[in-house]
Amino acid sequence: MSATTPDMRQQTEAPTVTFLLDGREMTALPGETLIEIADREGIEIPRLCYKEGMEAVGNCRSCMVEIKGERVLAASCCRAPSAGMQVTTNNERVRKSQQMVIELLQADMPEKEYTRHNEVDEWAAKLNVGKPRFAPRPAVQADLSHAAIAVNLDACIQCTRCVRACRDEQMNDVIGLASRGQHAKIVFDMDDPMGASTCVGCGECVQACPTGALMPAREVALSVPDKSVKSLCPYCGVGCQLTYHVKNDSILYVEGRDGPANHSRLCVKGRYGFDYSRHPQRLTVPLIRRSDAPPKSGKFVMDPDNVMQIFREATWEEAIALGGGTLRRLRDTHGPKSLAGFGSAKGSNEEAYLFQKLVRLGFGSNNVDHCTRLCHASSVAALLEGIGSGAVSNPVMDVTQAAVVIVIGANPTVNHPVAATFIKNAMRAGTKVIVMDPRRSELARTAYRFLQFKPDTDVALLNAMMHVIIEENLVDAKFIADRTLGYAELAKNVQGYSPDLMAPICGVPADTIREVARLYATSSGSMILWGMGISQHIHGTDNARCLIALALMTGQIGRPGTGLHPLRGQNNVQGASDAGLIPMMYPDYQRVDNPQAIERFAKAWNVPIDKLDNKPGLTVVEVIKNILAGNVKGMYIMGENPAMSDPDADHAREALAKLDMLVVQDIFLTETAYLADVILPASSFAEKTGTFTNTDRFVQLGRQALDPPGKARQDLDIIIDIARQLGLSWAYGSGEQAVAAVFDEMRHTMPSIGGITWERLQKEDSVTYPCENEGDPGDSVVFIKSFPTPTGRAKFVPADIIPADERPDTDYPMVLITGRQLEHWHTGSMTRRSGVLDAIEPDPVASLNPSDMAALGAKPGQLITIQSRRGKVSLYARADESSPHGAVFVPFCFYEAAINKLTNSALDPFGKIPEFKYCAVRLSLGGTDPTQSSFGGGQILEPVTADED
């Protein structure tokens, strides 16, 4: 097992060892090597193949030390001390050996430097190694075929750090060492050019390389940053910590930090998806819709490069007065329910909290929501109902302590790539990973079992598993009796769901269902992770209810290596939900119709009780329907793009166009902003300071690295200005002062984070909640003794098979499944303006099973059209064996092929989430070329070179 992979399942206490290191008595901790002890004690030993956290291989021989009584020198990275051992790191014999190794390697270095941190040169300087006496090796041609990574093998010393980074940490198995002797070399797959290999662009090899043999494709390595800023990744819910290296107010490059969720690892988006913040299409001045612009319509072709055909520049004073003033007039004329607000899961906790407070006090209603309604609303509904909390019970990293892990309705290698690496690490260490999904993800390739069930049959499969567990008496009877309610009703319900009856329905053999059920129920620790394949159905809440019931009946919750974990999609969807950016909950999931909660927030916000609406507000899709019905007349949307993300997108666009006033606060002219009356230019992630809560419940501090461009402003300051227009007198200050003041107010209204202070976050970067009292460490595993319900017990809720709202038929014979791509995120407004990411995946594609592609008569790369009862889009066919027969998968990030024009707006009755994962479509050859769209897309930035230093 790699040293970077925590595994606490079999840890035992080993005795310490006392020995001499350079004449000093040392005590070695269990498992420590000589080089680790030397580092701990401040003794410097050269190293090139060794890197902390990686498996030690000892192939560079630069870390040699002398051990008394042994004939040859020993590699300190691979050697552990024994009692009484005498080790010398600095005598003449050792130093001569180290110098010779460095000199030989330096002779192989090219004249051109690829990085400022060539470790061979750095060690040569420290060891006083002069000009090499040996002939250089022949030149090697650079491989520049990959959009993200340049390969300069003339600088390669074959230390194999890149191999171990790819194989052992990220577990992508792309990089290897081929041939022997003087012909040995680093290769990608079967000695392919890197750009043609299966490389996913995570850049772990770049971060590991000591010489610049692998470097960012843009020439930034020789540039000296003006500053380095510790912050976070702005993309998925994993919450990777990273460092921005900044020069001339632009990000040069990004490196991973040792955060609790990533341990220095990043994916392609986190490492290379940063240049969108300086894209020429950034909004930099307030805009007001021109009086002579064409009337707003849901049918439009957007051109972000020609904004001024539709809008005109305005001052901040004019834009705030028009936007906020009109919303106030609509409120006073038509009542509080005539306004609604959509906040953002991409923004900070402080922004989410203040936005929902503005809607509740300034608009006077609970009509506030955000993208959780479109991803995990049904999961949260089931979790709140069943166990009293919508958050995860255990962090992702607990997979390293689990014996069995079920991954269902999720594709972590695409949507949560860094989390997926730890799942793969656990799998290699012996954890049995079971993947359940209609699509065959990359994770399924090495999984212990892959259950490819038919789309829309989740409940049939999960109830069949419960049937086995109950029939074979594999339940945890004591846990059920002590800590749950409603078991008898559930047990009765699943009696009719035997594996033999369900196998034809779900497509999984009955014996496989039995095997997996037994494994899950009887292991020392079983964990379930799920994604939007579970939640985005009209029966999404029922799907989640079944997963909760599995955990409860087997007692697989409340311990390390067990539990329930809905993988969060956006970087702060957990925090935004916690902060109350949902229509039926105040912060910390306190019901808006609960008299005690109303009293609590009225007091905290210093307003009369009757100032707060006591009825749940409208959800995302309900707002759209109420606009068309004439009930909602004004909206304030911050950082959300419903014109792309909502189901039946043409319907959503028609509604947004009908509003009397739409104020949009964003960083680009998104499809939603195109329909705005007032556009307020905001700050991108790297331009703000704030807290963000990841999928593991880590509250983490993101720090400002750049200044907003032009006249763009901090989101928090804009919210405060709009609030003033609505009659709210808020005195939070501005900048980081305002952020700290809002966070302090949050923690005094949210018991779950009550013990986290701003000062602590500045010092520690990350604190886990619940953390109710100052000084508490925070609880990574919850529900250990009880559940946060009125009774302290969890509740079983039975579920039956409910078919999808729309089934395939002769007119629409195939199923459409939507989701995300590895390189692009959400609606693409950021990643498609990142040069590297857009270069890797520039065009909209539909992934089809090769058999379906052959039946259609299509070839890979050929233009096809997908049509549902709501619309049609054209895009390029991609052969993909992971897609099941009869289904087509399309990412929803492409404006020119906006797949949500086709999806169904039918809702889960509990979570109010649309059925994105299932609608009926038909396919045909040909169509309108989507690349002819006027969307600006990505921009490859000009290289930054050493000449700019």
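The dialogue below takes up these topics in turn.

Modeller: This is a predicted model, in which local features need pLDDT of at least 70 and side-chain atom pairs count only at pLDDT 80 or more, while totals for chains, interfaces and linings use all residues. Residues are numbered from 1 along each chain as its sequence is written, and side-chain values use heavy atoms, with hydrogens and water left out.

Biologist: What pLDDT does the chain average?

Modeller: pLDDT is the predictor's confidence in each residue, from 0 to 100. The chain averages 92, and 96% of the residues score at least 70. Over residues 1-12, however, the value is below 50, and this stretch has 31 contacts (heavy atoms within 4.5 Å) beyond near neighbours in sequence. Residues 934-949 also stay under 50, with 50 contacts beyond four places in sequence.

Biologist: How many aromatic pairs are there?

Modeller: Rings of Phe, Tyr and Trp (its six-membered ring) pair if their centres lie within 6.5 Å; planes under 30 degrees apart count as stacked, over 60 as edge-to-face and the rest as tilted. The count comes to 13 aromatic pairs. One of them, F355 with Y636, is tilted, at 5.0 Å centre to centre and 45 degrees between the planes. This pair links distant parts of the chain, 281 residues apart: F355 lies in helix α8 (residues 349-363) and Y636 in strand β25 (residues 634-638).

Biologist: Which residues do ring pairs link into a cluster?

Modeller: The cluster consists of Y353, Y586, F601 and W605.

Methods. Helices (H or I, at least four residues) and strands (E, at least two) are DSSP runs, numbered from the N terminus.
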